[in-house]
Amino acid sequence: MSPYLSYLLAIVLGYLLGSFPTGYIAGRLFGQVDVRKVGSGRTGGTNVLRSAGRTAAIVTILGDILKGMLAVIVARLIWGNDSQVVEMAAALAGFFAVFGHNYSIFLNFKGGAGTMTGGGALLALHPWMIPLVGIVPAVMTYIVRMSSVGSLLVSSIALLLGSVMAWYDVIPDASLFFLAPFFLLSWYAHRPNISRLIAGTERRIGDKSKA
């Protein structure tokens, strides 16, 4: 199989797995609400928590992490015997799982901001990076009670750390095809949050969503 065909298939695989509308389904099942019509309109864990409750949010977060993990794991299972293709295929599948989560084909190309799905992909790509990437965002999120701050830090630290690790050949250069676009997409998706952070009006974790 041509490497380019392998990469295309990995992109489709990641996108379809990422598109699975975990938050929408959890909101309907546990909160009897369409999370797209309340709060931020996103299907990620924070808006689900505000609009549909804790159980729905937990299901959403776990499901979104699993989507990212599965995209990478399945790609490695399919192309694991081809050392020249597998790392790039895994990185592309991981990123497009995030893209699919943000722009789900099942939700008219709407979705979330991709942090948990990206975290799941990173967990499957390089599990040892998770504590290094996650500790500062977790502490900052706890302090300021704003999930957007943690999300922006996750993608930023992941790219910074990954770039250094790739430079020193600790991780394959192909991993940057996940880390760099994940960073860009995360910051793009959080544009409204960044505006509210600058204005001092960003919502805090625990605030209720308004229809």
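The model is a predicted one. His-190 sits in a loop between two helices, and the largest nonpolar core holds 24 residues. The whole structure contains five salt bridges.

**His-190**

- His-190 lies in the loop that separates helix H9 (176–189) from helix H10 (191–199).
- With a relative accessible area of 3%, His-190 is buried, because that value falls under the 20% limit for burial.
- The side chain of His-190 comes to 2.7 Å from the backbone oxygen of Ser-186.
- Leaving aside residues up to four places away in sequence, His-190 touches Arg-42, Ala-113, Thr-115, Ser-148, Ser-151 and Leu-152.

**Nonpolar cores**

- In soluble globular proteins, nonpolar side chains tend to be buried together.
- The largest nonpolar core has 24 residues, and the members touching the most others are Val-72, Leu-122, Val-133, Phe-178 and Leu-179.
- Two or more residues of this core come from each of helix H5 (86–102), helix H6 (115–125), helix H7 (129–144), helix H8 (147–167) and H9.
- H8 supplies the largest share of this core, with six residues.
- Val-133 is in contact with Leu-122, Val-154, Ile-157, Ala-158 and Leu-161, not counting residues up to four places away in sequence.
- Another core, of 14 residues, lies apart from the largest one; Ala-71, Met-88, Leu-92 and Ala-93 are among its members.

**Salt bridges**

- Arg-28 and Asp-34 form a salt bridge in which the closest N and O atoms are 3.7 Å apart.
- Glu-87 and Arg-76 meet through their side chains in a salt bridge, with an N to O distance of 2.9 Å.
- This pair links distant parts of the chain, since Glu-87 is in helix H5 and Arg-76 is in helix H4 (residues 54–79), eleven residues apart.
- Glu-87 is partly exposed, with a relative accessible area of 25%, and Arg-76 is partly exposed as well, at 23% relative accessibility.
- A further salt bridge joins the side chains of Glu-202 and Arg-196, at 2.7 Å from N to O.
- Glu-202 and Arg-196 are both buried.

Notes: Residues numbered from 1 in each chain as written. Predicted model: local features only at pLDDT ≥ 70, side-chain atom pairs only at ≥ 80, totals over all residues. Heavy atoms only, no water. Helix = DSSP H or I, 4+ residues; strand = E, 2+ residues; numbered from the N terminus. Buried < 20%, exposed > 50% of the residue type's maximum accessible area, 1.4 Å probe, protein only. Polar contact = N/O pair within 3.5 Å; in protein donor to acceptor, adjacent residues only side chain to side chain. Contact = heavy atoms within 4.5 Å. Core = buried A, V, L, I, M, F, W, Y, C linked by side-chain atoms within 4.5 Å. Salt bridge = Lys/Arg side-chain N within 4 Å of Asp/Glu carboxyl O.
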